[in-house]
Every structure is written in structure tokens, then in C-alpha cells.
Amino acid sequence: MKHIVLTGGGTAGHVTPNIALIPRLRELGYQISYIGSHDGIEKKLIEDMGIPYYGISSGKLRRYLNLKNLSDPFRVLKGIGEAKKILKKLRPDIIFSKGGFVAVPVVLAARRRRIPVIIHESDMTPGLANKLCIPTAVKVCCNFPETAAALPADKAVVTGTPIRQELMQGNKLEALKFCGFTANMPVILVIGGSLGSVVVNDAVREILPELLKTFQVIHLCGKDKLDPSLEGTEGYVQYEYIRKELADLFALADLVISRAGANAICEISALAKPNLLIPLSAKASRGDQILNARSFEKQGYSMVLEEEELNAGSLLESIRKLYENRETYIAAMRGSSQMDSIGTIVSLIQEYGQEK
């Protein structure tokens with residue numbers, strides 16, 4: 001039996017593509033293990049699927065002054081040692097990495113054990129974690145042709161992002177019951193990312209009285225970011241994080257407001273949901289979400305409102321404009337050529353796992 005180790009974590013975007021691959025890998029008879037952080041979001045998501053999970057230490061290189069920048073390199077070194085022991089025990093045929101800093105020790109340990117590694121980069125430009133991993137990888141999967149052009153020519157493969165197939169099978173009626181909504185008002189689904197976004201949350205809540213005159217609102221606001229004062233507000237529900245019912249909520253949504261993480265926006269476009277993207281500011285990131293959002297805007301899939309322009313007036317105006325033009329966005333997304341990302345990536349896994 002072929003054995004694959006999946007790795008990646010820190011945010012849902014570093015886990016959900018791995019989750020999307022799991023049903024196909026199981027169909028093909030793969031034994032699957034997962035290496036992630038001790039307490040990241042990936043731990044519960046993977047353990048809930050009945051997959052053996054191994055936690056390791058990991059660090060993070062920050063773009064700002066922080067005392068942890070002194071200690072985290074030692075955590076990475078510790079993680080490499082832990083990953084080497086786990087890989088020696090598991091003896092996998094291949095590793096698939098979705099990125100995030102927990103993946104770096106795993107990939108570096110794999111190089112020392114001569115285990116082939118395939119990595120996936122979702123964003124337009126590779127993040128630092130994947131930049132550290134690319135020299136070790138046999139193939140680098142990516143979403144955008146522009147990304148492939150910046151990668152080693154013999155490694156780059158444009159695959160798109162694996163989409164969880166269960167997202168395509170949502171039930172509107174189940175979502176109406178779950179939220180306690182009426183069927184005669186349109187629904188906005190707000191997604192601030194798995195960790196939530198204070199900026200997006202605050203902006204949505206500021207215009208909520210005006211929004212609720214026309215829309216019902218499902219607000220996925222992130223861990224510890226619920227607003228108790230809004231509990232029981234008619235036409236508004238808030239959740240820290242949703243997994244099981246997410247497909248139903250997507251099926252119910254007429255519009256989606258989201259951050260612009262690549263995996264999230266690929267799922268939204270695959271579902272052909274008119275969307276307003278509020279990318280993470282370049283002041284707080286390397287600017288990858290802005291590049292992702294502008295690419296989708298250029299293709300006619302998304303409307304974009306940058307964080308620096310975000311206020312009550314601009315948000316309300318954008319939502320109204322998006323709803324008025326929703327059919328144009330739906331047509332553009334449905335007219336795009338969706339790749340068989342899962343099939344392409346699994347074929348690479350099979351090919352390079354065999355070579356070992």
C-alpha cells in the first residue's frame with residue numbers, strides 16, 4: 001500500500017486543499033498520515049476525518065520586530081528533528097505540502113531522508129515558507145500562469161486549487177433551517193478567513209442596521225470574535241467557524257464578502273457566487289491577497305474593495321452595486337475553464353511516489 005504524508009497548517013487555507021485530496025487518495029488505496037502543528041486549526045480538521053495526526057514544533061519568520069523572531073528559529077530546528085523521527089517511523093512514499101510554516105521542518109526533514117516532495121502554492125507569488133521549500137520539491141503546483149513563470153521551469157505545474165467536492169452539494173433548505181432565515185430575502189455570507197478579520201467584522205457590523213433592511217446576513221467572524229450584543233438580531237447569525245454546514249451556507253448565499261486568500265476565492269469562483277473581496281492590507285502582509293483579488297477582478301469574477309478604502313459608505317455602496325450586477329459576475333465565473341485540480345495533482349503524486 002502506498003503511503004502519503006500530507007502537511008500544511010496555520011490557517012484553513014493551508015489545510016482545505018489537503019482535505020480536498022483525501023477522498024481521491026482514499027479511493028486509490030493510499031495510507032494517509034498528516035504532520036501539522038501541535039495546536040493549529042489543522043489538528044481538529046484532520047483528526048475529525050479519522051486520519052493519524054502528528055504534531056511538531058514550528059516557528060514563523062515575521063516581517064516586523066518581535067521577540068519571537070529570536071526563539072522561532074530554534075523551534076524550527078526542533079521541528080526538523082521531530083519530523084525526521086516521524087518520517088523515519090512512517091516511511092512514506094511521498095509528501096504533499098500545502099505550505100505554512102509548519103510545513104518547512106517536514107520538507108527539510110524529507111530532503112534528508114530522500115523522500116520526494118510535491119508542494120502547492122496558491123498565491124500569485126510564493127510565500128516565504130514555500131520559497132524555503134521549493135529547492136527540495138520535485139514539483140511545484142500553482143494556481144496562476146504568472147506564478148509558474150517565476151518558478152523553476154522544470155518544477156512548475158499550473159494545477160489550480162483542489163476544491164472540496166462536498167462544497168458543491170449544499171442544500172439551501174437545510175441552511176434556511178440552520179440559520180432560522182426566511183426564504184423571501186437575499187442572503188449575504190461574510191467570511192473573514194479562518195482566524196477572522198477585525199477590520200471586516202467591524203465594517204459589516206457598523207452597516208448591519210442598513211443591510212438588514214434588504215438582506216439577511218450570515219457572518220463567519222473567526223475564533224473569539226463573536227459580538228454578544230448582536231445575538232438574537234433578526235436576519236443576522238454569527239459563527240466563529242463552520243465546517244459541516246458550510247456547503248449549505250454557500251448554497252443559500254446570494255453574495256459573498258471575503259478576504260482574498262487564494263483557496264477561499266477559488267472555492268467561491270468554483271461555486272459561481274458573486275463576491276466582494278477585501279484583501280488583507282499590504283501593510284499587514286506581503287500583498288499577496290491584493291494580487292489575488294486584482295487577478296480575479298480582471299477576469300470579471302470579483303469586485304474588489306481595498307482595506308484602505310473600506311468604510312461604512314464604501315462597503316454599503318459596493319454591496320448594492322454587486323447585487324445589481326450579480327448576473328454578470330455569475331456568467332463570467334461559469335464561463336471560466338475549471339481545471340481538474342484534484343486529478344492533476346493526484347497524477348503527480350502517483351508518478352513521483354512510484355519513482356521512489
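Tutor: Let's start at the largest cavity: α9 (208-211) and α13 (312-324) each supply at least two residues of its lining. This is a predicted model, where local features need pLDDT of at least 70 and side-chain atom pairs pLDDT 80 or more, while totals for chains, interfaces and linings use all residues. Residues are numbered from 1 along each chain as its sequence is written, and side-chain values use heavy atoms, without hydrogens and water.

Student: What makes a space a cavity rather than a pocket?

Tutor: On a 1 Å grid over the protein atoms alone, a 1.4 Å probe fits in a cavity but cannot get out; a pocket is an open set with protein on both sides within 12 Å along at least five of seven lines. Lining residues have an atom within 4 Å of a point. The search finds 1 cavity of 30 Å³ or more, and the largest cavity has a volume of about 40 Å³. Its lining includes Glu210, Thr214 and Arg320.

Student: Why is the pair of phenylalanine 296 and tyrosine 301 called edge-to-face?

Tutor: Rings of Phe, Tyr and Trp (its six-membered ring) pair if their centres lie within 6.5 Å; planes under 30 degrees apart are stacked, over 60 edge-to-face, the rest tilted. Here the centres are 5.4 Å apart and the planes 85 degrees, so the pair is edge-to-face.

Student: What makes arginine 326 sit over the ring of tyrosine 323?

Tutor: The rule asks for NZ of Lys or CZ of Arg within 6 Å of the ring centre and within 35 degrees of the ring normal. Arginine 326 lies over the face of tyrosine 323, at 3.9 Å from the ring centre.

Student: Is cysteine 141 buried or exposed, and what value shows which?

Tutor: Buried means under 20% relative accessible area, exposed over 50%, partly exposed in between (1.4 Å probe, protein chains only). Cysteine 141 has 0%, so it is buried.

Note on methods. Points joined across faces, edges and corners; volume = space filled by probe spheres on them. Helix = DSSP H or I, 4+ residues; strand = E, 2+ residues; numbered from the N terminus.
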